[in-house]
Amino acid sequence: MNVQASVSRYSQDFDLPVRGDTITADRYISKDWMDLETRNLWPKVWHLGGVLAEFEDAGDIVRHNFGKESVLMVRQEDGAIRAFYNTCPHRGNRLIVGEAASVPRIVCGYHNWTFDIDGTLVKVQDPDDFAGGSPCGKVHLAELRCDTWGPFVFWCMDDDVAPLHEWLAPFPERLKGYGIDTWVRVLKLSVDCDFNWKIIRDNFNESYHLPTIHPELATFINDGLPDTVFEMYPTGHNSMWMKGHQATTRVDYHTTEVPAPLDDVARAWDIDPEAYNGRTGDLRQAIIAAKRRLGPGRGFTNYESMTDQQLVDYFHCTLFPNLTLTMSPEQLQVLRTEPHPTDPEKCVFQHWCLYPPVEGMKTVMGPVGELPLRHDALVRHSTYGDGVSVGFVADQDLSIGTTQQQGLNSRGFKGCILPNQEKRVQRFHELLNDYVKGTEPA
Ligand code: FES
Ligand SMILES: [Fe+2]
């Protein structure tokens with residue numbers, strides 16, 4: 001194990017030291033470690049629960065099952081969204097068993113206890129049969145914190161965790177230019193997987209795997225180390241900026257003809273790709289200029305508030321511990337893994353895609369093909385290995401999950417050996433160590 005404290009490819013303002021803790025296999029395979037996360041990690045972070053578009057009317061409910069926990073987010077009469085644990089205060093039955101509901105009141109299926117959508121018990125069978133009189137009006141569903149950012153609804157189990165906007169820092173500020181408040185979730189996919197949730201977290205915390213796992217990205221995303229900027233923030237989150245509309249500098253595409261699909265992208269912005277043969281790296285700048293010139297007229301009104309980088313590059317925002325937001329000017333991907341209720345060697349992977357509303361645009365080309373540009377045009381849950389795609393890049397990432405999980409179970413695995421560019425993986429595990437040992441940073 002050798003991880004240096006400072007790496008030049010990290011931006012000077014957002015580099016953080018690491019200690020060099022050994023990343024052992026137990027965190028991926030042991031039930032004890034999983035129990036520590038259940039107790040000390042998951043209650044201490046905000047969880048993305050849904051999108052605002054799911055809560056049109058009072059009484060609209062979205063259920064979020066997370067590990068053994070289940071949370072209900074409920075739209076109130078006043079428009080606010082409140083979150084309650086999905087457990088009946090009578091004897092603990094789960095109240096809502098579907099993914100979503102739209103109800104005037106929440107009714108338990110066991111003994112018919114009935115709650116207003118603000119969580120207050122309003123009706124019970126035999127109300128006079130309780131010591132102290134009817135529990136109605138006195139008993140409430142257990143509530144947890146709920147807040148919104150952009151198009152998203154979040155919940156948190158702990159009252160001492162920083163408020164959502166502080167906890168998300170610096171992303172609300174950094175992502176402001178994209179104007180995501182109005183973006184539409186078109187795609188909502190999930191898949192049960194045979195590996196620990198951190199396998200994919202680690203994957204999203206590094207770009208070292210790109211040449212091997214995603215070779216076809218090389219012609220339009222520059223994963224060359226000198227061109228990539230990594231940042232780590234005091235909140236525990238981190239990010240990676242990769243130049244888009246530019247081929248990798250790992251391979252000599254820069255003195256050749258403009259490779260596909262960049263040539264088509266150039267044409268789409270009224271640029272003749274042949275003019276860039278032999279200097280393909282310059283195309284990125286030309287596309288910035290073309291997007292500025294032509295974008296607003298084509299309905300991309302949000303281009304005006306974006307920086308040049310945001311117009312063409314990929315901004316991978318990896319939030320501690322389990323949420324990734326991958327930004328491009330025309331697509332926001334939510335990628336995350338959540339733990340299985342009982343098995344440390346399983347998880348659920350989720351992939352949502354959001355798109356800006358563009359006047360006149362009826363469809364979008366997403367990671368599983370063309371879809372209508374409307375809320376939840378495709379919602380699908382599957383089991384990994386059944387051949388159902390969760391997006392071609394995500395499929396590639398998941399393809400190593402099971403074999404890595406198997407390898408981590410070997411007596412021969414002694415802990416990770418990381419190059420400097422995987423420092424974000426190192427920091428993730430050190431933060432995780434602090435949380436599970438109950439010494440999380442203030
Ligand atoms: S457990 Fe809910 S009414 Fe009895
Ligand atoms: Fe990947």
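Helices here are DSSP runs of H or I with at least four residues, strands are runs of E with at least two, and both are numbered from the N terminus. This is a predicted model, so local features need pLDDT of at least 70 and side-chain atom pairs count only at pLDDT 80 or more, while totals for chains, interfaces and linings use all residues. Residues are numbered from 1 along each chain as its sequence is written, ligands are numbered from 1 in the order in which they are written, and side-chain values use heavy atoms, with hydrogens and water left out.

Helix H2 (residues 31–40) holds both Asp-35 and Lys-31, which sit four residues apart, or about one turn of the helix. The two form a salt bridge (a side-chain nitrogen of Lys or Arg within 4 Å of a carboxyl oxygen of Asp or Glu), with the closest N and O atoms 3.1 Å apart. Asp-35 is partly exposed at 30% relative accessible area, and Lys-31 likewise counts as partly exposed at 37%; buried means under 20%, exposed over 50%, and partly exposed in between, using a 1.4 Å probe and protein chains only.

Glu-37 pairs up with Lys-198 in another salt bridge, at 2.6 Å between the closest N and O atoms. That one links distant parts of the chain, from helix H2 to helix H5, 161 residues apart. Glu-37 is buried at 2%, and Lys-198 is buried at 0%. Over the whole structure, the search turns up 24 salt bridges.

Turning to the metal, the iron ion (ligand 2) is held by NE2 of His-209, NE2 of His-214 and two OD contacts from Asp-397, at 2.0 to 2.7 Å. Donors are N, O and S atoms within 2.8 Å of the metal (3.2 Å for Na, K and Ca), and with water not among the atoms, sites may look incomplete. Along the chain, the donors follow the spacing H-x4-H-x182-D. His-209 lies in the loop between helix H5 (197–204) and helix H6 (210–213), and Asp-397 in helix H10 (residues 392–398), so the pair ties together parts 188 residues apart in sequence. Both His-209 and Asp-397 are buried.

As for the strands, seven of them make an open antiparallel sheet in the order S1-S10-S9-S4-S3-S2-S5. Two strands pair if DSSP finds at least two bridges between them. Strands S1 (46–51) and S5 (100–102) are at the edges with a single partner each, so one side of each has no neighbour in the sheet.
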